[in-house]
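Let us read this model together, one feature at a time. Please bring up the sequence and the 3D view.

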Amino acid sequence: MELWFTEKQTKNFGITAKIKRTYVTEQTEFQKLDMVETEEFGNMLILDGMVMTTQKDEFVYHEMVAHVPLFTHPNPRQVLVVGGGDGGVIREVLKHPSVQKATLVEIDGKVIEYSKQYLPEIAGELENSRVEVKVDDGFMHIAMSENQYDVIMVDSTEPVGPAAKLFEKGFYEGISKALKEDGIFVAQTDNPWFTPELISQVYKDVSEIFPITRLYTANIPTYPSGLWTFTIGSKQYDPLEVNEERFHDIETKYWTKELHKAAFALPKFVADLIK
Ligand code: AG3
């Protein structure tokens, strides 16, 4: 018998993957968690029916979340990742030697547990001594932090369920307060095909709080529409003004120093969303 998983990305459109086996299917305290093995993309983490990451294409998202802000900041030492319990962003953050401490605040401990078990090459650095893992509400963590971080990355799920609060203007105000005076943050901000209003709204909110706001994209085959966006809010450093000498050698599969800037070159219909 053939088993197929479909994420209904909209009411009328989806993405389908043939399943080899199911490792976990569980209702956690916060969400429905599935860990499956797919024929095409290897092991896949699914939360509330939405693809979060796969072994085959995870590098795109994790590298682009981490390296764009980290290379923009001249000396990132204290880094916070909100969400991201699979550990992929943390793995990339640790490639930057200036980072003394990377804190991960993930609301759902089960995401961490099963990622360590079934996505070891993604979660493998969560035990690193430069990493502190907190199973806690990222919204509350931000609300209680002040002038603490150089870079904050919001690696959330979609604005439904536990992550809904992480797309509100009040959250970005909290991030601004949690950042140092030259801090910078990035958030994943969904796709321009099915959620254009979200991109416009977040960009507007962030630009009312941060002097420098930028949008960039990456191609992620297993996410809705394949074209993903990220929004940066920065107090001082412009990702487009990065001094090339700052790019040190790191091992990547998607990020390159050319792409660091090229990712900000937007297709017209995407640029129109943030006019
Ligand atoms: N976080 C963002 C995933 C959003 C995907 N959306 C969807 N499939 N509808 C990914 C977490 C990876 N660390």
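Q: What covers the buried residues of α7?
A: First, the ground rules. This is a predicted model, where local features need pLDDT of at least 70, side-chain atom pairs count only at pLDDT 80 or more, and totals for chains, interfaces and linings use all residues. Residues are numbered from 1 along each chain as its sequence is written, and side-chain values use heavy atoms, with hydrogens and water left out. Now the case: the cover includes α6 (169–178), β10 (179–188), β11 (212–219) and β12 (227–234). Helices (H or I, at least four residues) and strands (E, at least two) are DSSP runs, numbered from the N terminus.

Q: Which residues of α7 are buried?
A: Buried means under 20% relative accessible area, exposed over 50%, partly exposed in between (1.4 Å probe, protein chains only). An α-helix has 3.6 residues a turn, so residues three or four places apart point the same way. In α7, the buried residues are Pro 196, Leu 198, Ile 199, Val 202, Tyr 203, Asp 205 and Val 206.

Q: Where does Asn 75 lie?
A: Asn 75 sits in the loop between α1 (58–72) and β6 (78–83). Asn 75 counts as partly exposed because its relative accessibility is 35%.

Q: What is Asn 75 in contact with, leaving aside its neighbours within four places in sequence?
A: Contact means heavy atoms within 4.5 Å. Asn 75 is in contact with Ser 98 and Asp 150. Asn 75 and Asp 150 are 75 residues apart along the chain, yet their C-alpha atoms are separated by 8.1 Å.
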